[in-house]
Structure formats: structure tokens, C-alpha cells
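Welcome! Have the structure ready and try each exercise before you read its solution.

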Amino acid sequence: MSYLGHSNYGIALAMLAALKHDGKAFCSTFKVGTTHESRKIHGLRIYGGRLRTPRAVLIVGGAHAREMIPPESVLLFAWKICRSYANGNDITFGGKTYPASIVALLVESLEIIVVPLANPDGRAWVETADQNWRKNRRPPPAPGGCRGADTNRNYDFLFSSGLGTSTSPCAYEVYRGPNAQSEPEVKALRDLIDRQPNIRGVLDVHSYTGLILYPWGDDQNQSTNAAMSFLNPTFDGLRGIKGDNYREHILSSDWKWYQETAARMRDGAHEVAQRTYVPTQGIDLYATSGTLSDYAYSRHLAEQAFPKILGMAVEIGFASDGQFRPTGNAAKVVRDEGVVLIIEFCLAMICTGDAVLSSSRAARKFSDELRSLRAELKESPAGQRYVEWSTSLAGRILVSLADPHVAKELPGLVKEFRAWWNAKNQPLSDEAAKLAGDFLATLRKRGPAELAPAIDAFMADIERMTGNPASKAIRTIRAKPKSARTTS
Ligand SMILES: [Zn+2]
């Protein structure tokens, strides 16, 4: 099993699991599942933070056997961030460098789960018999029949719709399998997601066409009619056609998150070799059903008890690189772009609060307090602004926090605000307000322009909170700021 020199994913991941940070191991290998041909699917968990239940992201490569570079990208991503976390080195991919402090924020804020090669049977077949093989190696339904099912058309999302799939085992590319989640490779990932309700993001790495894909894949998006959705059988048979009346419902805030995240992924990847990936909805490639990214995102809609997972897919590389099998420098560029796309996705998944806590050595308990604050803030439109900022600006805030001038002021500030928040009935002191003001001023001066409006609003809130106890602060924030009242 070797394309660019990695002979065995199990061994490669085990080497990473042996690394240490401050004398402590921070990753571990695990068995994701077992294939039709009894091969092991290997996984690695990476986490160096202090939270009991950090957010988790799942990064998958190699679902389609012939796509040679995605497993290399996923492995290189894990390799680079683990080595950087262990050794404190910056990491570079072409023209794009991430400082070690950003890697530390990633590793301490997110449990990162990687599965570099999700279809090892198919890959073995590509390497020994058929370079163009895409499916797994499901045994034929009857002797002499055709082998294999498409593991990225077998998930339980509009499976029976037949959109972009075939019911014939002899279909070379898109046989969907006998039923949803019939395939061991698919079941293994579904079970992993079931077992870990802390998974909030899934990125499925494919190749090639230079695309950054977000839901939905079955039809064009709309945010106006919640009843027009994949859950409503009234619309069966109408999905999959662009420009007609049926469009798939998506929450406008999710759609916005996807567009912003896809844009930051594009911008990051562009720095590698000045090539432009195109963010777009899944349907714009072609109509699909049963894909991992749509399935992951659909779970919380199909089943209320499930947490929301933001699912995306990328198609790394371009036809001119050598399609599924780039070699030499082209392979390296595609692989590096893949790593940067993964890192940017992970940065977008970080909850700023968790990151701040993990990096400021705050106790575990504080994370629960912060979460309860977040829950309270969510209840009002004015408070919701903070939650939205912490989501949409997370990556930019984090990059700013890695700036030593900014980071130096943070621990004292967290300590002051924590004491105030815990006391509930003590007024916010002038000293704490000044600390916050100085910190925000530094952040405003040194951080990116996108942060300025959020910082200004935050400064105004702090001013109004000064002299007030924490018990009143939430109410203060809940009062809509003046500017919002006059402009809307
Ligand atoms: Zn693919």
C-alpha cells in the first residue's frame, strides 16, 4: 500500500500516538471498523486540551479507492499538527505557514479524529488490479456477479431517492448498495458518529475538481420554506433538478456559516500555490444522495436528539494535475492544498470560548460556566450576537490571540471576569473594565478589520456593565444596543 511513500496507515498513525507534549501523550489510535475483506480501518484521535467534552471534528479520506491523494492529505495533516504540537515547530505548505501557536490552539480546542483511508479494500484493488476502481469490494450478489458498492452513496440520506445512484451492482461507479448503510465502511463511520455526540464537524476529502462543497447535494438551497425538505415525502420524485420549484431547506445561519467557511478554506488553499478552489453547493457538481457530508448534516433534522454536525466535502486537485493520480510536484501541491483545506475547516469549527479556556489554563469547571453563559446569551437577539461572533469570527479571533501582544493580557482578564461572573452580585470593577478595555483596544489595533464592529459593540457593552453585578449583566446585554434600534 504505497503511493507517495506511506506504506501502512496503521503504523504511521501508531507513530503519531507515541508522540508527547510536556511529557504527556495527546493522541491515540483506534479501530474504526473492519471491511468485507477483513481489513482494518484505522483512526487516530488527537487532543491536548483540558476540557471533559471538547468539540470533535472528523476528517475522512479515501472513501473512493482511485482518488490517490486524499488519504495522503489526511495523513499529512495529522502528521504535521502532531509533530508541531510535540516539537513546537511552525508548519508550512507551499506559501502557507501556520505558527506553532495556531497548531496548539487547534490541538487544545478540538478533539480531531482522522480516518485517512476509509476504503482499504478498494485501495488494495487499485494497487493490484484496476487503477480506476472507485467502490469498495462488496462480494457479488450471486456467483459470477459484480463486486463493490459506492461507499459515498450508501449513507442514510435520501437513499431510496436514487438521486445520482444506481441500483445495479454492475454499475462501475455509483452502485448504492442493497440498502442504506449496508456497507461495513459506512456503518463504521456512522457508529463512530453515534458513539461520539461531541462530533460537530465532518470533512470528507475527495479528488479532483478543485471544489469546496457544502450541503445540500440533492437540490439547490432555500431558507424560506422549512416544510420543503428531504423529510417531506410529498416532494419525493421532485428533487435533483436545478432551476425548478423544489429546493432543499437550509437554515439561513447555517448557509451563511457554510459560505463563510468555504470562503476561508478557499483563501487558505490559495496561499499554497496561488490556485483557486471554488466554494459551491454539492448539487452544483451533480445531484447526489447517500453522501457522508449531507448525511452528517441531515442527522439533527431527521432525529431531534442528535446534535447538529456541519458536514462538508472537498475535491482536491485539478484535471491538469493528473486527475486521480498526480505525481511529482503536482502530487505534492494537491496534497498540501488538501492539508490547508482541512486546517481551515478545523479552525472554523473551534468554539472561541473553548479555545480561550484551553489556552489560558483555566480550570475545567470554567468551561461549564462559559457554556451556561452561552446558553443564556442565546436566548435573546442581542446576546445572540455574541454567540454568532464567536462562531463566525472564531478563526480570526484565534489568530489574533496567538499574537503575543494580545495573549499577554488575556490570563489576567479571564481571571477578573471569572471572579465577577462567579460572585453574581458583585459589581464589575473599574479595574476589570479597564483591563477589558485595554485588551479589546490591543485586539482592535492588531487584529483583522473584520473584528472591529464586534469589538466596538463589546466595548459599549462593557461600559454599560461596569458597576453592575453579573446577575444584571445578561439583562444589560439583552437590551438591544442603540445602533441596532435605529438602523433596523
Ligand atoms: Zn470521491
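Two exercises follow, and the model they use is a predicted one.

**Exercise 1.** Find the order of the eight strands in the open sheet, and work out which strands stand at its edges.

*Solution.* 
Step 1: Go across the sheet strand by strand, and the order reads 3-4-8-5-9-14-10-13, with mixed pairing.
Step 2: Look at the two ends of that order. Strand 3 (27-34) and strand 13 (278-281) each have a single partner strand, so one side of each has no neighbour in the sheet.
Step 3: Follow the twist, which averages 20° from one strand to the next.
Step 4: Helix 5 (residues 184-195) lies across strand 3, strand 4 (40-46), strand 5 (55-61) and strand 9 (199-207), and helix 5 runs at about 135° to strand 3.

**Exercise 2.** Describe how helix 14 (residues 410-423) and helix 15 (residues 430-446) cross.

*Solution.* 
Step 1: Two packed helices are described by the angle and the distance between their axes.
Step 2: Here the axes come within 10 Å and cross at roughly 140°. That makes helix 14 oblique to helix 15.
Step 3: The handedness of this crossing is left-handed.
Step 4: List the residues that meet. Helix 14 brings Leu410, Gly412, Leu413, Glu416, Phe417 and Trp420, while helix 15 brings Ala432, Leu435, Ala436 and Phe439.
Step 5: Sort them by class: the contact of helix 14 with helix 15 has eight nonpolar residues, one polar and one charged.

Technical notes. Residues are numbered from 1 along each chain as its sequence is written. This is a predicted model: local features need pLDDT of at least 70, side-chain atom pairs count only at pLDDT 80 or more; totals for chains, interfaces and linings use all residues. Two strands pair if DSSP finds at least two bridges between them. Helices (H or I, at least four residues) and strands (E, at least two) are DSSP runs, numbered from the N terminus. Axes are lines fitted to C-alpha atoms, for helices over the stretch in contact, and angles run from 0 to 180 degrees between N-to-C directions. Two residues are in contact if their C-beta atoms, placed from the backbone, lie within 7 Å. Angles under 35 degrees count as roughly parallel, over 145 as roughly antiparallel, 65 to 115 as roughly perpendicular and the rest as oblique. A crossing is left-handed if the near helix is turned anticlockwise from the far one by less than a right angle, and right-handed if clockwise. Ala, Val, Leu, Ile, Met, Phe, Trp, Tyr, Cys and Pro count as nonpolar, Asp, Glu, Lys and Arg as charged, and the others, Gly among them, as polar.
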